[in-house]
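Trainee: I have a structure open and I'd like to learn how to read it. Can we go through it together?

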Amino acid sequence: MKVLLALVTGYFVGANAGSRDYDQLVDSVRAIRDSEEFHDFLAALRSHASQTLRELADMLERGGAESLTPTDLVERV
């Protein structure tokens, strides 16, 4: 995802192409954004983040926030 964002940003900032090429890029980005695959990717990403946050909350509840250091949390996650 970062690569796609970097490519799009680089094109907008550094391109000397005409408005036709710009319009094609905007249309392509919209097509990607509206695609079912992209929505599935976002759903999977949200699910993964939700599960990770639940596991982190469980660790904090079981171990107590005082006994865990940030390094311990990173290693456990």
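Trainee: What pattern does the protein chain follow along the sequence?

Mentor: Helices (H or I, at least four residues) and strands (E, at least two) are DSSP runs, numbered from the N terminus. Here the pattern reads α-α-α-α, which comes to 4 helices and 0 strands. This is a predicted model, where local features need pLDDT of at least 70 and side-chain atom pairs count only at pLDDT 80 or more, while totals for chains, interfaces and linings use all residues. Residues are numbered from 1 along each chain as its sequence is written, and side-chain values use heavy atoms, leaving out hydrogens and water.

Trainee: How much of the chain is buried?

Mentor: Buried means under 20% relative accessible area, exposed over 50%, and partly exposed in between (1.4 Å probe, protein chains only). Of the 77 residues in this chain, 12% are buried.

Trainee: How many salt bridges does the structure hold?

Mentor: A salt bridge is a side-chain nitrogen of Lys or Arg within 4 Å of a carboxyl oxygen of Asp or Glu. This structure has 2. In one, the side chains of Asp27 and Arg30 meet at 4.0 Å, N to O. These two sit 3 residues apart in helix α2 (residues 19-34), so about one helical turn separates them. Asp27 is partly exposed at 47%, and Arg30 is partly exposed at 43%.

Trainee: And which side chains meet at 3.5 Å?

Mentor: Those of Arg33 and Asp34, again N to O. Arg33 is partly exposed at 46%, whereas Asp34, at 52%, counts as exposed.
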